[in-house]
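Subject: Handover of a structure and notes on what was found

Dear colleague,

Please find below the structure that I am handing over to you. My notes on it follow.

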Amino acid sequence: MNIKFTSKKHPEPLLCPEYPWEERHTYLYGSVIELKDRLRMYYQSYVDGIGFFVCLAESKDGINWEKPLIKPLKESTPHLYPTVEVEGRVLDFYHKTQRLECMSNVVANYHIPSVIYRPEEEYPYKLFGYTEKGYCVAFSKDGINFVEYEKNPVIPLLKFPNRKTKKVWFSDVAPVFYDRKKKVYRAMVKTYKIDKEGRTRRCVGMSISKDFINWSKPRTIWVPSDREDRIARSKGFKWADFYGLCPFNYKDHYLGFLWLFMIDYEFARGTHEGKIEVYLAYSKDCKRWELVSEESVIPLGKESEWDCGMITTANQPLIDREGNIKIYYSGANFSHGYGEYEKPYEEGHQFCVGIADVKLE
């Protein structure tokens, strides 16, 4: 494996929060798909006291985006998306309750969504995301009106207890892609392993489906190693977990955007404080993975820049006929610990969406 790359980020964000249903969050977790005459972006938003939304934006040129006001939104009951349970109590994301009533571009209430577009099928748009029941799917003919599968969840809620810390961790991240080589859908389901120090470590798992409804039992395929911990330590952190992996077909092999979570410490009643940066990964079979380089493919911005705290990517990049790669990503100007249970957001914190060009040699 001998892959070299160069990358360049567009200096300014393309989407930022502006509407009530976005609050301070417009971010990918999500998908960007190409239609004949435009691009569609399915991005995530979050409103404290209500929950997560899958939102829609459209663009003719990939740079200038519009958020069409397509649906009335009326919410008053917070949705629960469990991440960690401490001493028998699931810690809710929200810190308050509030009502929201307005026109919106919201198309679903899933968390960390992936939208797969296959125009040749009866329901070209397939949505996979996380809820309090586990991983669920929904289908749409127009990409706006999604109907949930009546037998959801397709993957039940996955729990990973740690007796030492008296916490139970939930799998809540699972980017999905359609593997053109093997003609299957792959969900890169977050799993957890407890290391020799008793820490709960985020790992990459995988579940496979031929029809988007029947999914195999998730199995762990990639566990953080000394190499990833070394990267984190070189940047002043203590260790590194795998927050998510977004693979894609490239020539006769697979590449992937790995969200490397560089951790400083664990909250007593919460998850972790740290930053997320994106690295390029390689696999021959989509089962055995390794980093291409210890250099980040989408590095964090400098201190105080719009993407200095966390970066995550769309589930798939856009690749042209010459093999040039464009990847839409989200950047936060705050670290992972903010918004958790012991560290409230500060004025000016927000998640925005940008774009990076990646060239392979």
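Which residues does K193 touch, not counting residues up to four places away in sequence? In this predicted model, the residues that K193 touches beyond that span are R199, T200, R201, C203, T220 and V223. K193 itself belongs to strand 20, which covers residues 190-194. From K193 to P161 the distance in space is 9.7 Å, C-alpha to C-alpha, while the two residues are 32 apart in sequence.

**The disulfide and other cysteines**

There is one disulfide in the structure. In general terms, a disulfide is a covalent bond between the sulfur atoms of two cysteines. Here the partners are C16 and C352, with their sulfur atoms 2.3 Å apart. The torsion about their S-S bond is about 115 degrees, and the disulfide is therefore right-handed. C16 is found in the loop between strand 1 (5-9) and strand 2, whereas C352 is part of strand 30; the pair therefore ties together parts that lie 336 residues apart in sequence. The two partners can also be described by their accessibility. C16 counts as partly exposed, with 24% relative accessibility, and C352 counts as buried, with 1%.

C286, by contrast, takes part in no disulfide; the nearest cysteine sulfur belongs to C246 and is 11 Å away. C286 has a relative accessibility of 0% and is therefore buried. For C308, the closest cysteine sulfur is that of C352, at 11 Å, which is too far for a bond. C308 is buried as well, at 9% relative accessibility.

**Strands and their pairing**

Strand 2, which spans residues 27-34, has seven buried residues out of eight, so it is largely enclosed by the rest of the structure. A hairpin of four linking residues leads from strand 2 to strand 3. Strand 3 comprises residues 39-47, and its pairing with strand 2 is antiparallel, over six bridges. Within this pairing, S31 has Y42 of strand 3 as its bridge partner.

Elsewhere, an open sheet is formed by four strands in the order 8-7-17-16, with antiparallel pairing. Its edges are strand 8 (89-90) and strand 16, each of which pairs on one side only. Inside the sheet, three bridges connect strand 7 (residues 84-86) to strand 17 in the antiparallel sense. V84 has W169 of strand 17 opposite it.

**Two loop residues**

T165 is placed in the loop that runs between strand 16 (159-162) and strand 17 (167-170). Its relative accessible area of 29% makes T165 partly exposed. Leaving aside neighbours within four places in sequence, T165 has contacts with G198 and E266. The C-alpha atom of T165 is separated by 33 Å from that of S293, which lies 128 residues apart from it along the chain.

H336 is located in the loop between strand 29 (325-332) and strand 30 (351-360). Is H336 buried or exposed? With a relative accessibility of 7%, H336 counts as buried. Not counting residues up to four places away in sequence, H336 touches Y243, F261, T271, H272, E273, G274, I276 and M310.

**Cavities**

Rolling a probe the size of a water molecule over the atoms shows where empty space is left. The count of cavities of 30 Å³ or more comes to three. The second largest cavity holds about 40 Å³ of space. Its lining consists of V173, M188, V189, K190, C203, V204, F242, Y243, G244 and L245. Two elements give two or more residues to this lining, namely strand 21 (200-209) and strand 23 (239-250). The largest share, four residues, comes from strand 23. By type, the lining of the second largest cavity divides into eight nonpolar residues, one polar and one charged.

With kind regards

Note on methods:
Residues are numbered from 1 along each chain as its sequence is written. This is a predicted model: local features need pLDDT of at least 70, side-chain atom pairs count only at pLDDT 80 or more; totals for chains, interfaces and linings use all residues. Side-chain values use heavy atoms; hydrogens and water are left out. On a 1 Å grid over the protein atoms alone, a cavity is a set of points where a 1.4 Å probe fits but cannot get out, and a pocket is an open set with protein on both sides within 12 Å along at least five of seven lines; lining residues have an atom within 4 Å of a point. Grid points are joined across faces, edges and corners, and a volume is the space filled by probe spheres set on the points. Ala, Val, Leu, Ile, Met, Phe, Trp, Tyr, Cys and Pro count as nonpolar, Asp, Glu, Lys and Arg as charged, and the others, Gly among them, as polar. Buried means under 20% relative accessible area, exposed over 50%, partly exposed in between (1.4 Å probe, protein chains only). Contact means heavy atoms within 4.5 Å. Two strands pair if DSSP finds at least two bridges between them. A disulfide is a pair of cysteine sulfur atoms within 2.5 Å.
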